[in-house]
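Student: Could we go through this structure slowly, one question at a time?
Tutor: Gladly; please look at the sequence and the structure first.

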Amino acid sequence: MSGDIDRKDKSEARNIALSLLVLVGLFVAASVLIAPMASDFNANYFAEGLGLKDAAVISFFVTTLLMVVLALAAGDGLLGELQFMIGAFVSFFVVIWLLVAWIF
């Protein structure tokens, strides 16, 4: 009785191992076949664009305008929210700066 269960377990383990080997082989083959297409994608979408210096200038003005709008919408005016706006300005500036430099 226990020999029969043992044979079933061995057979199931072999089937799982064979399936995993086939999946790894398919993954390697797919990686080799997709490499030229990934290279073209990289050349088209990650090419040089605007640059960090120009993006920093654009980001400064966009962030300043955004902070003024958010402060006025908060209801306390520009001075009431100043302690929160300093950290928010730096956070927004860095995020917008890097996104503008990456996208454009």
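Student: Is Ala-101 buried or exposed?
Tutor: Ala-101 has a relative accessibility of 18%, and the classes are set by relative accessible area with a 1.4 Å probe and protein chains only (buried under 20%, exposed over 50%, partly exposed in between). Ala-101 therefore counts as buried.

Student: What should I know about the model and its numbering?
Tutor: This is a predicted model, in which local features need pLDDT of at least 70 and side-chain atom pairs count only at pLDDT 80 or more, while totals for chains, interfaces and linings use all residues. Residues are numbered from 1 along each chain as its sequence is written, and side-chain values use heavy atoms, leaving out hydrogens and water.

Student: Is Thr-63 buried or exposed?
Tutor: Thr-63 is found in helix H2, and Thr-63 touches Phe-89, Phe-92, Phe-93 and Ile-96, not counting residues up to four places away in sequence. Because the relative accessible area of Thr-63 is 0%, Thr-63 is buried.

Student: How many nonpolar residues does the contact of H2 with H4 have?
Tutor: Among the residues that meet are Thr-63 in H2 and Ala-101 in H4. By class, this contact of H2 with H4 has no charged residues, three polar ones and, as for nonpolar residues, 19.

Key
Contact means heavy atoms within 4.5 Å. Helices (H or I, at least four residues) and strands (E, at least two) are DSSP runs, numbered from the N terminus. Ala, Val, Leu, Ile, Met, Phe, Trp, Tyr, Cys and Pro count as nonpolar, Asp, Glu, Lys and Arg as charged, and the others, Gly among them, as polar.
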